[in-house]
Amino acid sequence: MRLRTLTLAAASGAALLAAGVLPANASGAPTTPRSAQEGSVSAADLLAKVTFCSQISNGKYKTDDETSATIPVCGKNGAVFWKADMDIDCDGQRTTNCNENRDPWYQDDTAFHQSDGKPLKAETLPYVVVPSSSSIWNYSSAGIKGGGVVAVIYNNKVEYAVVGDTGPTKIIGEASYATAKALGIDPDPETGGTDSGVTYILFKNSKVSPIESHSAAVTLGDRLAKEFLANN
């Protein structure tokens, strides 16, 4: 995950338009999950359980470097959640749309790796970025692990992802290119994303094996989502 600023993102977008450059997702891209509804639990049912926040973080997070800290991490039985924006993480293995030419903040590694030891592949694997541990909040102490299951909800759609990367200690709200694309959010790493409306529900003590199996994330996520509804 990178530290981006609203000013830089806006300037970059203007430069692309001026140059007549098409966004990354306008070119041919590998197949990524496109489901509007993964699993059997609806977005409405999940959102109904996270209308109230019992804050577990010691402070709040910014959504971008230039914004105020307004986003708490909230606790529920079996999960933690937050409601934020979505910036696009294109880190990990180089692919057609995730590389240093497409993403000014590109890094060729992710905090958590595939079963073969290689970095994750942001273009094809739905994953979520969690803030690195700090005095604000320590994700591992809260039962959140690399490869843990996350239900990402946007515009009445549910996408299951894994915890795949860590980011700055004071910023929250980022997911991989594949996550954004599956939810109908512009996945361009430089100009895409959305400013609000994304809910992230992270299931405690869960782990997808292997981490790179999206189908395994959906199967486990659907089971944990049902348990979440039953226990909250």
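Three aromatic pairs turn up when the whole structure, a predicted model, is searched. A pair of aromatic rings is described by the distance of the centres and the angle of the planes.

One of the pairs joins Trp 82 and Tyr 200, whose rings are tilted, with 5.9 Å from centre to centre and 35 degrees between the planes. Trp 82 belongs to strand β2 (residues 79-89) and Tyr 200 to strand β7 (residues 194-203), so this contact ties together parts that are 118 residues apart in sequence. Trp 82 is buried, its relative accessible area being 1%. Tyr 200 is buried as well, at 0% relative accessibility.

Another of the pairs is formed by Phe 203 and Phe 228, in an edge-to-face arrangement with 6.0 Å between centres and 75 degrees between planes. Here a strand meets a helix: Phe 203 lies in strand β7, while Phe 228 lies in helix α4 (residues 214-231), so the pair ties together parts that are 25 residues apart in sequence. Phe 203 has a relative accessibility of 3% and counts as buried because the cut-off is under 20%. Phe 228, at 2%, is also buried.

The table sets out the two pairs described above.

| Pair | Arrangement | Centre to centre | Angle between planes |
|---|---|---|---|
| Trp 82 and Tyr 200 | tilted | 5.9 Å | 35 degrees |
| Phe 203 and Phe 228 | edge-to-face | 6.0 Å | 75 degrees |

Ring pairs also build a cluster, which contains Trp 82, Trp 137 and Tyr 200.

Note on methods: Residues are numbered from 1 along each chain as its sequence is written. This is a predicted model: local features need pLDDT of at least 70, side-chain atom pairs count only at pLDDT 80 or more; totals for chains, interfaces and linings use all residues. Side-chain values use heavy atoms; hydrogens and water are left out. Rings of Phe, Tyr and Trp (its six-membered ring) pair if their centres lie within 6.5 Å; planes under 30 degrees apart count as stacked, over 60 as edge-to-face and the rest as tilted. Helices (H or I, at least four residues) and strands (E, at least two) are DSSP runs, numbered from the N terminus. Buried means under 20% relative accessible area, exposed over 50%, partly exposed in between (1.4 Å probe, protein chains only).
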